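Visitor: I would like to learn how to read the packing in a model like this. Could you show me the structure and start from a single residue?

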Amino acid sequence: MSSEFDHAAALANCARGEHDALHQLYVHEGARLLGVVIRIVKDRGMAEDIVHDACLNIWQRADSFDPAKGSARTWIFSVARHLALNAIRYRDREVTFDSHDPTELDLDEHFQHTSVADEAFDWQTGQRMDSCLEALEPERRNCVLHAYVDGLSHAEIAAHTGAPLGTVKAWIKRSLLRLRECMA
């Protein structure tokens, strides 16, 4: 069914504001999008919310799709995948526990050990990271952010930026070394 569906035309129609095009995309890919997202987040309710958000993003950003950088179907799935990966990152950052026994999740104990000094350290570290990232050349900074924030593979970054794969790998490697030096 999906091989007969023209994903690129549907995205072009979304970009023109045709609501039926988004509906047709959802009819053709909604179940598969949900399946991919469930495999990533392992929570059906969260996955349904993410697919909903992905559809909104697809609708709002349909005009940014560039067929020269990949297929429309891949672009659609990457929107959902990135949202799912970001949701996992956010969920994993919400509360962390420093315990050797994962069954011991004592929230009161965790929050007793969190101090204003710890929060200030986290804020300062974030500020320093922002400064270090700003020091990188824009295309290199974008490659690092695509890899570590958006969860793109090196090949996906190369396709997204139009840079050769070897160049993307070298930029990320060198940028990580510069970030490590800057943060030390």
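Guide: Gladly. Leaving aside neighbours within four places in sequence, Ile58 is in contact (heavy atoms within 4.5 Å) with Leu11, Leu22, Leu25, Trp75, Ile76 and Val79. Please keep in mind that this is a predicted model, where local features need pLDDT of at least 70, side-chain atom pairs count only at pLDDT 80 or more, and totals for chains, interfaces and linings use all residues. Residues are numbered from 1 along each chain as its sequence is written, and side-chain values use heavy atoms, with hydrogens and water left out.

Visitor: Which residues have the most contacts inside the largest nonpolar core?

Guide: In soluble globular proteins, nonpolar side chains tend to be buried together. A nonpolar core here is a set of buried Ala, Val, Leu, Ile, Met, Phe, Trp, Tyr and Cys residues joined through side-chain atoms within 4.5 Å; buried means under 20% relative accessible area, exposed over 50%, and partly exposed in between, with a 1.4 Å probe and protein chains only. The largest core has 28 residues, and Leu11, Leu25, Val37, Val41, Ile58, Trp75 and Ile76 have the most contacts inside it. Helix H1 (7-15), H2, H3 and helix H4 (72-94) are the elements that give two or more residues to this core, and H4 gives the most, with nine residues. Apart from this core lies another of nine residues, including Cys143, Ala147, Leu152 and Ala163.

Visitor: How many helices and strands does the chain have?

Guide: Helices (H or I, at least four residues) and strands (E, at least two) are DSSP runs, numbered from the N terminus. The chain has nine helices and zero strands. Of its 184 residues, 32% count as buried. Among contacts with a separation of 6 or more, 60% are between residues 24 or more positions apart.

Visitor: What lines the largest cavity?

Guide: Rolling a probe the size of a water molecule over the atoms shows where empty space is left. On a 1 Å grid over the protein atoms alone, a cavity is a set of points where a 1.4 Å probe fits but cannot get out, while a pocket is an open set with protein on both sides within 12 Å along at least five of seven lines; lining residues have an atom within 4 Å of a point. Grid points are joined across faces, edges and corners, and a volume is the space filled by probe spheres set on the points. The search of the whole structure finds one cavity of 30 Å³ or more. Leu22, Leu25, Tyr26, Leu33, Cys55 and Ile58 line the largest cavity, with H2 giving the most, four residues.

Visitor: And how much space lies in the largest pocket?

Guide: About 520 Å³. It is lined by 21 residues, and the closest to its centre are Trp75, Ser78, His82, Leu152 and His160. H4 gives the most to this lining, with seven residues. The lining divides into six nonpolar, ten polar and five charged residues, where Ala, Val, Leu, Ile, Met, Phe, Trp, Tyr, Cys and Pro count as nonpolar, Asp, Glu, Lys and Arg as charged, and the others, Gly among them, as polar.

Visitor: Is Lys42 buried or exposed?

Guide: Lys42 counts as exposed because its relative accessibility is 67%. Lys42 is found in the loop between helix H2 (19-41) and helix H3 (44-61). Most residues other than glycine have a negative phi. Lys42 has a positive phi of about 60° although it is not a glycine.
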